[in-house]
Amino acid sequence: MQAPDFSLPDQTGATRSLKDFAGKWLVLYFYLEDETSDCTDEACNFRDAHGAIGELGDAQVVGISKDSVESHKQFAKHHNLNFPLLSDPEQKTIAAYGAKGGPHGTLRMTFIISPAGEVAKVYEDVDAAKHAGEIINDLKQLQANA
């Protein structure tokens, strides 16, 4: 399945689109809210694994929530996050990926998108503390089979 396109501002105000990641593996994760316990654990887990993920085919991590650019800016600064956080207040991209729902309006989901822009793997039940390790193992396997 082709990954739905998006064009959203990151925590610096720069617009990021799916096409910006063409030719690279993309780990696109949806989360509920900045500065909440599990979401902070997940973001910091990805931060700490950023180098290991990046070594796998120049893979990139991108987070998306309905929080504002300013909220993302503070969240990224507070936790020294080293990847883009995209703001989707209207939840159009969140809905396009099937991640809209739950009591906070967003489901914790992750998609690995291939360099060709296709959804290679979907995670619907994410353990925030262990998720980056899963991503690393699955990226290795996906790349070996590509």
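Axes here are lines fitted to C-alpha atoms, for helices over the stretch in contact, and angles between N-to-C directions run from 0 to 180 degrees. The model is predicted.

Start with two helices. Helix α1 spans residues 37-48 and helix α5 spans residues 131-145. They pack with their axes 8 Å apart, at an angle of about 45 degrees. That angle makes α1 oblique to α5. From α1, the contact uses Glu 42, Asn 45 and Phe 46. From α5, it uses His 131, Ala 132, Gly 133 and Ile 135. By class, the contact of α1 with α5 has three nonpolar, three polar and one charged residues.

Now the interior. In soluble globular proteins, nonpolar side chains tend to be buried together. The largest nonpolar core here has 25 residues. Those touching the most other members are Tyr 29, Phe 46, Ile 53, Phe 83, Leu 85, Ile 135 and Leu 139. Two or more residues come from each of β3 (26-30), α1, α3 (69-78) and α5. Helix α5 gives the most, with four residues.

Take Ile 53. Leaving aside neighbours within four places in sequence, Ile 53 is in contact with Val 27, Phe 46, Ala 59, Val 61, Ile 135, Ile 136 and Leu 139. Another core, of 18 residues, lies apart from the largest one. Its members include Leu 8, Phe 30, Ile 64 and Phe 111.

Last, a hairpin. Strands β6 (residues 109-113) and β7 (residues 119-123) run antiparallel, joined by four bridges. Thr 110 has Tyr 123 of β7 as its bridge partner. Five residues lie between the two strands of the hairpin. In the turn, Gly 117 has a positive phi of about 85 degrees.

Note on methods:
Residues are numbered from 1 along each chain as its sequence is written. This is a predicted model: local features need pLDDT of at least 70, side-chain atom pairs count only at pLDDT 80 or more; totals for chains, interfaces and linings use all residues. Side-chain values use heavy atoms; hydrogens and water are left out. Angles under 35 degrees count as roughly parallel, over 145 as roughly antiparallel, 65 to 115 as roughly perpendicular and the rest as oblique. Contact means heavy atoms within 4.5 Å. Ala, Val, Leu, Ile, Met, Phe, Trp, Tyr, Cys and Pro count as nonpolar, Asp, Glu, Lys and Arg as charged, and the others, Gly among them, as polar. A nonpolar core is a set of buried Ala, Val, Leu, Ile, Met, Phe, Trp, Tyr and Cys residues joined through side-chain atoms within 4.5 Å. Buried means under 20% relative accessible area, exposed over 50%, partly exposed in between (1.4 Å probe, protein chains only). Two strands pair if DSSP finds at least two bridges between them.
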